[in-house]
Structure formats: structure tokens, C-alpha cells
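Visitor: I have a model open on my screen and would like to learn how to read it. Could you take me through a few features?

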Amino acid sequence: MTTAGFEQSSKGKPLWLLAELTYKCPLQCPYCSNPVEIAKYQDELTTEEWFRVMREAREMGATQLGFSGGEPLVRKDLEELIAEARRLGFYTNLITSGVGMDEDRIKAFKEAGLDHIQISFQASNEELNNYLAGTKSFNHKYEMARLVKKYEYPMVLNIVLHRKNIEQIDDIINMCNDLDADYVELASTQYYGWSRINIDQLLPTKEQLDNAWQVTQKYKEKYKDKMKLIYVIPDYYETRPKPCMNGWGSVFLTIVPDGTALPCHAAHQLPIEFPNVRDWTIEGLWNDSEGFNVFRGFDWMKEPCRSCPEKTKDFGGCRCQAYMLTGDARNADPVCDKSPYHAELHADVERINKLAKEQDPNKDEKPLMFRNMRNSKDIEKDAKKPHLETTE
């Protein structure tokens with residue numbers, strides 16, 4: 001089936017498949033980008049259903065496959081999924097906290113054909129890491145990172161930066177050096193899911209970000225022949241939006257635990273009926289579903305995006321961000337200083353900066369909302385989101 005009114009000429013191929021195998025996770029990170037409503041994702045795809053998804057995506061041209069979550073190590077069939085992905089010819093990446101992994105399992109991953117393991121840390125010291133993770137995980141992560149290197153995987157570390165850990169930037173980079181990392185992603189929190197709930201406590205000040213950037217540049221030069229450092233600042237401090245996912249339904253395909261297919265991992269929050277792989281083939285949902293066509297091309301755009309010469313570079317920015325901050329996913333991403341909503345975003349950032357600077361270090365601030373099933377059930381709303389109209 002085809003949805004009338006959509007521009008079909010801009011379809012790409014789903015070259016990058018993200019398999020969010022489960023939203024179960026032993027950690028409780030308050031910046032997690034998983035949906036707040038994790039409690040409702042219980043009916044996970046079976047092994048055979050994932051096999052079909054991978055096969056059909058490969059037939060569509062997908063070459064890279066990320067196994068993610070939640071924590072993908074929770075899935076007992078992970079080794080089977082890796083082996084099937086290798087048989088199909090994917091380059092595979094395991095995106096993990098390391099919790100639930102041991103040396104025997106790393107050996108099994110190697111035998112199954114896994115190409116790449118990325119381990120995340122919450123901080124550079126045990127106390128803060130364990131606090132943010134909601135569990136005692138730091139020492140185990142350290143051990144797993146060393147084992148990943150021992151088994152000759154590329155050493156790739158991910159540390160999500162926010163106000164709680166950004167001032168440890170020197171220690172974080174030195175920890176990565178101690179672990180003999182090849183690549184380090186210093187990824188500032190992007191405010192979706194749980195991190196959006198906790199934005200007042202997590203968004204760093206401009207001064208903190210500037211300092212972290214300068215420190216990172218120093219270490220980039222120091223370790224340029226040993227370790228690649230990638231530093232990503234939060235969208236909220238930009239004046240132009242990123243070309244989100246390289247364009248809607250252009251390259252990236254995310255499948256969440258219950259089989260819902262998304263153009264990006266955050267799109268679940270939009271009031272759109274997204275297809276499910278239990279009802280669609282990958283080719284069908286990619287080419288013909290409303291969810292994957294609604295923001296393809298440029299016909300959907302409002303002003304100022306519609307007449308903006310930069311629309312072919314940034315595609316109007318992030319649709320999820322536009323929806324979160326303005327209530328209409330067709331609006332210009334408020335990150336862009338051409339957006340009529342940019343001033344409101346700037347004012348909110350200033351409000352949060354002011355709160356951070358005025359915070360009395362001797363007094364407790366508003367507590368973080370940690371990612372767990374109990375909190376998910378408490379904040380999940382029963383009201384159904386209105387459906388996004390597909391014509392104007």
C-alpha cells in the first residue's frame with residue numbers, strides 16, 4: 001500500500017539496522033534514551049522473528065547491524081543472533097554496559113563472528129559510576145573492557161556526558177587511555193526519554209561544556225597517534241540542527257523489542273502509527289508505510305524550513321525534538337536559530353543554567369528519576385496520543 005501525498009523520490013536503503021533486542025537492563029541510568037514507557041514492551045520478538053528481520057534487511061541492502069537495548073546481554077539467544085548475522089554477511093556491533101558478560105561469553109561472541117564491542121561507562125570513578133548506574137558495576141566494566149582488548153576487538157568506549165560527570169573530563173579521558181582504548185565517544189546527553197525528564201539536573205552549563213571541549217582538544221593532540229576522541233555537544237547549545245539520521249527513512253532502521261519499526265530510536269514518542277515487522281516485510285514497511293514516508297522529502301515542511309536553502313543539509317532537523325519542544329513534529333527544530341521557537345528553547349536553557357549556578361552544594365537538589373520499571377509505570381500516561389495528520 002502507498003500513502004497519498006508523500007514524496008517518494010528521496011527513499012534510500014536501510015543500510016544501518018539497529019536491533020533493540022530488549023528494554024530489560026540491570027542498570028538504571030537517568031539519562032537513558034529508551035522510552036519512558038519501557039514497562040509496556042514485554043512481548044519481545046523471538047529468535048526466529050529476528051532471523052527474518054535480519055534476512056530481509058540484508059536483502060534490502062543493510063550492511064551494519066547493531067545489537068542494542070536496554071541491555072542486549074539479557075537475551076539468551078544473543079550468540080545465535082550474532083552467528084546468523086555473520087552468516088548473512090553483516091558487520092556486527094554489540095552496544096553494551098558489559099554487565100552480564102564474562103570471559104566465556106566474550107569467547108562465544110568471537111566464535112559466533114561478532115566484529116565489534118562497545119562498552120559504556122557512567123563515570124571515571126567507582127562511586128559516581130555506580131550511583132548513576134543504580135548498581136555496583138564499575139569494577140566489572142573495567143574487567144570486561146580489558147578482556148575485550150585481550151580478545152583483539154577494537155577498544156571502543158562510550159561515556160555519556162552531563163552535569164553530573166562532565167567536570168571529570170580529564171579523569172574520564174585518562175581512564176580510557178589506561179584501558180588502551182582505540183575510540184572514545186564523549187557523547188553529551190541528548191534529551192529524549194529519561195534524560196528529558198531529568199534535564200534540569202543533567203544539562204551542563206555553557207561554561208562546563210566549553211571547558212570540556214577545550215580539555216578534549218588538548219588530549220586529542222596528546223593521544224592523536226593512539227586514541228581517537230569524538231566529542232559531541234548537546235543540540236540545545238547549537239544554532240543549526242544536525243541532519244538527524246541523515247534524513248528521515250534514508251539510511252537508518254531501528255526495530256524495537258516488540259517489533260515496531262522506527263526511522264530512529266527516539267521516534268516512538270511521535271503520534272504516528274509505525275509499522276510492526278509482525279505485520280509487514282522490511283521492504284514493505286520501508287517503502288510503503290506511513291511512518292517511514294511521512295517526513296521523507298521536503299513537501300511536509302512548514303516555513304521557515306520549506307524555503308530554507310539549508311534544508312537539503314539538515315532536513316529541517318530532528319522531528320522528535322520539534323514535537324517534544326513545540327507539540328508539532330512538522331515545525332522547524334527549535335535548535336535552529338531560524339525557528340520561531342528558538343528563543344523559547346534558549347530561554348529554557350538559560351533557566352536551567354541559572355538553576356545550576358545557584359544550586360547550593362550543601363543542599364540536595366531535585367532527585368533524579370532513575371530508569372526502572374517502577375518509575376516507568378508511575379509516569380506512563382493512559383491518554384492516547386493524537387494521530388499525526390498526514391496532509392495539511
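Predicted model: local features only at pLDDT ≥ 70, side-chain atom pairs only at ≥ 80, totals over all residues.

Visitor: Which residues touch the most other members of the largest nonpolar core?

Guide: The general idea first: in soluble globular proteins, nonpolar side chains tend to be buried together. Here the largest nonpolar core has 88 residues, and F67, F121, L157 and I255 touch the most other members. Helix α5 (residues 138-150) supplies the largest share of this core, six residues. Another core lies apart from it, with 27 residues, including V256, F274, C318 and A332.

Visitor: What does F121 touch, leaving out residues up to four places away in sequence?

Guide: Its partners include Y31, F138, Y142, L157, I159 and M175, and also N129, K141 and N158.

Visitor: How many residues of helix α13 are buried?

Guide: As background, an α-helix has 3.6 residues a turn, so residues three or four places apart point the same way. Helix α13 (residues 319-326) is mostly covered, with six of its eight residues buried. Those six are R319, C320, Q321, A322, Y323 and T326. Just after α13 comes G327, with a positive phi of about 85°.

Visitor: Why does S376 count as buried?

Guide: Buried means under 20% relative accessible area. S376 counts as buried because its relative accessibility is 0%. This serine sits in helix α15 (residues 373-379). Beyond its neighbours within four places in sequence, S376 contacts V36, E37, I38, A39 and W194. A polar atom of the S376 side chain lies 3.2 Å from the backbone nitrogen of I38.

Key:
Residues numbered from 1 in each chain as written. Heavy atoms only, no water. Core = buried A, V, L, I, M, F, W, Y, C linked by side-chain atoms within 4.5 Å. Buried < 20%, exposed > 50% of the residue type's maximum accessible area, 1.4 Å probe, protein only. Helix = DSSP H or I, 4+ residues; strand = E, 2+ residues; numbered from the N terminus. Contact = heavy atoms within 4.5 Å. Polar contact = N/O pair within 3.5 Å; in protein donor to acceptor, adjacent residues only side chain to side chain.
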